[in-house]
2 protein chains.
Amino acid sequence: MTAPAAKPRFDILGIGNAIVDVVAPVHEAFLSRHDMRKGGMALIDAATAERLYADMPAGQESSGGSVANTCAVAAALGARVAFLGRVADDQLGGVFRHDIAAAGVHFPTPPLAGGAPTARCLIAVTQDGQRTMNTYLGACVAFGPDEVDEVLVAEAAVTYLEGYLFDPPAAQAAFRRAAAAAHAADRAVALSLSDAFCVDRHRAAFRELVSGHVDILFANEAEICALYERDSFEAAAALARQDVALAALTRSEAGSFIVRGAETVEVAAVPTRVVDTTGAGDAYAAGFLAAYTAGRSLASCGRLGSIAAAEVISHLGARPLRDLGGELAALVN
Amino acid sequence: MTAPAAKPRFDILGIGNAIVDVVAPVHEAFLSRHDMRKGGMALIDAATAERLYADMPAGQESSGGSVANTCAVAAALGARVAFLGRVADDQLGGVFRHDIAAAGVHFPTPPLAGGAPTARCLIAVTQDGQRTMNTYLGACVAFGPDEVDEVLVAEAAVTYLEGYLFDPPAAQAAFRRAAAAAHAADRAVALSLSDAFCVDRHRAAFRELVSGHVDILFANEAEICALYERDSFEAAAALARQDVALAALTRSEAGSFIVRGAETVEVAAVPTRVVDTTGAGDAYAAGFLAAYTAGRSLASCGRLGSIAAAEVISHLGARPLRDLGGELAALVN
């Protein structure tokens with residue numbers, strides 16, 4: 001039996017891609033012209049990024065990255081949060097660093113000097129509020145095991161890993177190092193599957209990680225079906241229940257489905273006018289983990305996830321504009 | 001009598017500061033902590049920009065600049081538009097160039113190499129939708145008479161000058177050169193006063209420019225009162241009527257008041273939910289000039305101004321998100 005862990009310095013340590021988003025409204029024709037899979041995220045090289053950007057309408061830039069978004073939202077909800085990820089020593093890296101610090105997130109990773117520029121994600125938002133993403137990973141590819149501060153991991157109640165971080169080659173090793181350090185300190189490891197196409201790209205590695213090293217799994221319907229190669233949500237959720245201690249599975253406007261051993265909790269979505277779904281899953285994970293690390297019930301974890309998701313999808317951009325500071329305290333259990 | 005001017009290649013040529021906006025929601029306490037005058041624009045140096053930015057919440061970046069906003073909105077309304085202004089050869093300069101090109105605006109000014117970085121405007125938006133701006137002019141201070149392409153000026157029906165451009169030292173000379181080139185080609189010169197505090201900083205120069213060189217003046221209530229040092233809008237508007245051939249004076253939710261010689265046209269505002277007033281005056285000028293250069297009535301000029309302003313104040317950011325392409329054709333006269 002391990003000794004009880006010391007009181008954590010952070011509730012959540014996120015590890016993920018450090019990305020600046022470029023969000024622009026597009027017509028459906030833009031997606032077909034560039035052979036984009038609506039709702040997905042594709043990786044692009046620098047030349048393709050230049051070409052797509054040149055064809056995009058005027059946009060708005062904001063700090064993004066899936067787990068970084070989660071960190072910003074969780075901090076807005078009152079959680080103590082740190083983030084590890086790699087930006088370059090350039091203007092967009094400065095924007096990312098400013099925004100995550102302004103959100104109240106501790107971000108100790110030094111900038112990459114003399115390498116690729118800060119990563120950017122070109123996000124095309126169609127009239128129906130769906131976002132289709134094309135990511136140039138830039139400086140993120142320089143994130144590896146050396147960037148994982150094991151002391152920081154041991155100081156966080158939950159280390160939350162981004163599925164997208166499986167794409168940069170050195171990051172899978174960073175994941176394994178972080179998961180090992182977390183468990184050695186008796187802390188929990190959470191993972192977001194991020195994207196069904198990302199799961200397709202790395203299914204075997206995800207399956208091994210989820211079974212062997214993940215305590216809390218976040219996925220939407222397409223992602224969990226992709227992970228277990230099942231056509232039905234119910235079948236995939238049943239496999240998740242066997243595979244991982246706790247899984248929070250989101251189903252867009254149908255809310256979320258949370259499984260923990262024999263326990264099942266269904267949580268409704270919070271109705272809102274959908275402007276831009278970018279960051280919905282990230283915000284859900286933020287609400288869930290902020291409530292979870294505060295010792296709340298699974299129903300409250302899901303509820304806070306729904307509240308946070310509804311906030312960010314009601315406007316352009318993946319981070320909250322409304323003050324969410326009182327939402328955690330307002331939960332009943 | 002001058003020979004009739006050749007058919008213009010552009011409807012509008014804007015000359016102004018080329019700025020990237022950083023927009024963030026703040027509490028009133030942020031303004032008082034930094035001694036900011038709510039609703040105004042202050043000029044700041046690089047060190048102050050660093051300090052203020054460090055204290056600002058996370059924000060969204062987007063291309064801005066008063067006249068550049070007007071150009072983007074006018075192009076969205078179907079006008080043929082060009083813009084002159086100075087960015088640096090850096091990432092934010094690339095963002096500015098992309099966005100104005102994506103808006104359909106011809107932007108031939110080459111980037112400044114090896115000088116100050118691209119200008120940025122820190123925009124603090126309070127809960128009431130008011131924006132308070134702090135601008136670091138950066139590369140804009142390198143805009144001078146040499147950047148005024150007289151051939152381009154002669155090819156534009158209206159050359160539209162930004163009051164804020166009086167702040168960088170070399171730009172007043174650029175204004176005079178542009179106004180002279182426009183009139184030599186029998187074209188019109190329009191001016192936005194931009195900001196009451198800007199008028200205070202440069203009143204004598206503005207008065208001389210307006211009386212001697214401006215055909216179309218845009219101002220809001222505070223600005224026109226500041227220009228003529230009058231306490232009442234009516235008194236200031238009466239002086240504008242004598243001083244300039246055509247003046248379009250905006251009064252927020254009270255609409256606009258247009259005077260041309262003995263003629264007076266009052267136009268209602270278009271009701272909308274106000275989220276962020278950034279760019280309201282810029283969008284009004286865009287609608288007005290797009291209709292004006294299309295030969296529409298003064299009532300239609302004001303109406304299109306009101307429609308464009310309502311669009312941009314209904315969301316964060318100064319450029320339109322809704323497709324405005326059909327609005328000009330929908331005007332009755």
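# Two chains joined through a strand pair

In this predicted model, Q60(A) has S62(B), a residue of β4(B), as its bridge partner. That bridge belongs to the pairing of β4(A) with β4(B), residues 60-64 of chain B, which is antiparallel and has three bridges.

How are the two chains placed relative to each other? Two copies of a chain are related by a rotation about an axis and a shift along it. Here a rotation of 180° with a shift of 0.1 Å along the axis brings chain A onto chain B, with an RMSD of 0.0 Å. This is therefore the relation of a two-fold axis. Among the residues of chain A, E61(A) comes closest to the rotation axis, its C-alpha lying at 2.4 Å. Both copies use the same surface, since 100% of the contact residues of chain A recur in chain B.

The pairing of β4(A) with β4(B) also has its place in a sheet that takes strands from both chains. This is an open sheet of ten strands with mixed pairing, in the order β3(A)-β8(A)-β7(A)-β2(A)-β4(A)-β4(B)-β2(B)-β6(B)-β7(B)-β3(B). Its edge strands are β3 (41-43) of chain A and β3 (41-43) of chain B, each of which pairs on one side only. On average, and with direction ignored, neighbouring strands of this sheet are turned by 25° against each other.

Within chain A, the sheet includes the parallel pair of β2 (residues 19-25) and β7 (residues 119-125), joined by seven bridges. One of the residues concerned is I19(A), whose bridge partner in β7(A) is A119(A). The helix α4(A) packs on the sheet and touches β2, β4 and β7 of chain A as well as β4 of chain B. The direction of α4(A) makes about 60° with that of β4(A). In chain B, helix α2 (residues 46-55) lies across β6 (119-125) and β7 (131-136), and α2 of chain B runs at about 35° to β6(B).

Further along chain A, which two elements pack as a helix pair? Helix α11 (residues 280-293) and helix α12 (residues 298-313) of chain A do so, at an angle of about 145° and with their axes 7 Å apart. The crossing of α11(A) past α12(A) is right-handed. The contact includes A283(A), G287(A) and A290(A) from α11(A), and G302(A), G305(A) and A309(A) from α12(A). By class, the residues of this contact between α11(A) and α12(A) are 16 nonpolar, five polar and one charged.

These elements are a part of what chain A contains: there are twelve helices and 14 strands in chain A. Taken along the principal axes, the C-alpha atoms of chain A fill a box of roughly 55 × 40 × 40 Å. The radius of gyration of chain A is 18 Å, which agrees with a compact globule, because such a globule of 333 residues would have a value near 20 Å.

Notes. Residues are numbered from 1 along each chain as its sequence is written. Chains are lettered from A and ligands numbered from 1 in the order in which they are written. This is a predicted model: local features need pLDDT of at least 70, side-chain atom pairs count only at pLDDT 80 or more; totals for chains, interfaces and linings use all residues. Two strands pair if DSSP finds at least two bridges between them. Helices (H or I, at least four residues) and strands (E, at least two) are DSSP runs, numbered from the N terminus. Copies are superposed by least squares on the C-alpha atoms of residues with pLDDT of at least 70 in both. Two residues are in contact if their C-beta atoms, placed from the backbone, lie within 7 Å. Axes are lines fitted to C-alpha atoms, for helices over the stretch in contact, and angles run from 0 to 180 degrees between N-to-C directions. A crossing is left-handed if the near helix is turned anticlockwise from the far one by less than a right angle, and right-handed if clockwise. Ala, Val, Leu, Ile, Met, Phe, Trp, Tyr, Cys and Pro count as nonpolar, Asp, Glu, Lys and Arg as charged, and the others, Gly among them, as polar. The radius of gyration is taken over C-alpha atoms; the globule rule is 2.2 Å times the number of residues to the power 0.38.
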